[in-house]
Amino acid sequence: MPVASDVVEEPTDGDKRLTNDDALPINELFASLQGEGKLAGQPSTFVRTSGCNLRCWFCDSYHTSWEPTGAWRDREAILEAVAERDPDHVVLTGGEPLVHDGAADLLEALAERGYHVTVETNGTIVPPEGTPIDLASVSPKLASSTPTPDRPPAGVNPDEADNADDSDGTDAELERWTEKHEADRLDRDALATLVDRYETQLKFVVTGPDDLPEIEALVADVRERLAARDDLAPGIATATDARDALGDDDVLLMPEGQTRERLAETRRVVADLALEHGYRYTPRLHVDLWNDAPGT
């Protein structure tokens, strides 16, 4: 997937965001069909940034997270590339696009030009207040997303030590990101803020039935925070209001799978869970149509 071999600087542990004036590290920029969520099937231009503050083991854009690469492009160059393509929907995705300060300026510029913009985010970072987003497609990361030696991502071999003194054979990079990912994967206040400010879909990658208790607890927690914090949600005063702000049809269950073969193993299980719990099922059309090809 990478568009260049430049290694993109990662956020430090103490700083979630990266800055580089108005530029963004672009891994790929292409027109396709939105494959997931409420707008599945919608022709869209995808602007995929590199760099992420988390490390899901099942990441389907490895070269934006575990090995972030991309070419830095300034805002005007990105806008020109978007304008060269037909769709009037734009999806800003990653990686985690909101780690970059330049993302907010790009969103402002896209809104000024009349584009409908979806932002695909893990929900741990809130953009500056007033940042225009038509649909916040938030994918909170469950405990099942955390990488482990038994569940490493593609391309990471936990039996190959990074350091000579790593005598037990554990991959030091995997171990470091396992701890950081587990510590940072959820920010409940950030989730509640995003739901309050924007039209939001919570899109959960589901690996199996064991994920559902965590999903239900997290949805309930977000609703409680919306109802309890007047400064965060002045129009939400009751549990009913909170449920209206985050309805069951705003909660989407998506099967884990980067390939058609893997989706064939998971989609029916997840569809049945959606029926059982009253949530919405979302396909992964791009995987069904194009498998795991880049630029799709």
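Predicted model: local features only at pLDDT ≥ 70, side-chain atom pairs only at ≥ 80, totals over all residues.
Residues are numbered from 1 along each chain as its sequence is written, and side-chain values rest on heavy atoms, with hydrogens and water left out.

The chain contains eight helices and nine strands, these elements being DSSP runs numbered from the N terminus (H or I, at least four residues, for helices; E, at least two, for strands). Of its 296 residues, 51% count as buried, where buried denotes under 20% relative accessible area, exposed over 50%, and partly exposed the range in between (1.4 Å probe, protein chains only). The accessible surface, computed by the Shrake-Rupley method with a 1.4 Å probe and, for residues, with only the protein chains shown as cover, comes to about 12,900 Å², and carbon and sulfur atoms contribute 45% of that area. Among contacts (heavy atoms within 4.5 Å) with a separation of 6 or more, 72% are between residues 24 or more positions apart.

Under the criterion of two cysteine sulfur atoms within 2.5 Å, the number of disulfides is zero. For cysteine 56, the closest cysteine sulfur is that of cysteine 59, at 6.6 Å, which is too far for a bond.

Phenylalanine 30 is buried at 8%, as is phenylalanine 46 at 7% relative accessibility. The rings of tryptophan 57 and phenylalanine 58, with centres 5.4 Å apart and planes at 70°, are edge-to-face, and both residues are buried.

A charge was taken to sit over a ring if NZ of Lys or CZ of Arg is within 6 Å of the ring centre and within 35 degrees of the ring normal. The charged end of arginine 55 sits over the ring of tryptophan 66, 6.0 Å from its centre, and also over that of tryptophan 177, at 3.8 Å.

With a salt bridge defined as a side-chain nitrogen of Lys or Arg within 4 Å of a carboxyl oxygen of Asp or Glu, the count comes to 21. In one of them, glutamate 120 meets lysine 203 with the closest N and O atoms 2.8 Å apart; glutamate 120 belongs to strand β5 (residues 116–121) and lysine 203 to strand β7 (residues 200–206), 83 residues apart. Glutamate 120 is buried at 12%, and lysine 203 is buried at 2%. Arginine 188 and aspartate 221 form another salt bridge, at 3.8 Å, which connects helix α4 (residues 188–197) with helix α5 (residues 212–228). Here arginine 188 is partly exposed at 35%, whereas aspartate 221 is buried at 18%. A further salt bridge joins arginine 262 to glutamate 256 at 2.8 Å, N to O, the arginine being partly exposed at 28% and the glutamate buried at 4%. Through shared partners, salt bridges also unite Glu36, Asp60, Glu120, Lys203 and Arg284 in one network.

Definitions and conventions:
Phe/Tyr/Trp six-rings, centres within 6.5 Å; stacked < 30°, edge-to-face > 60°.
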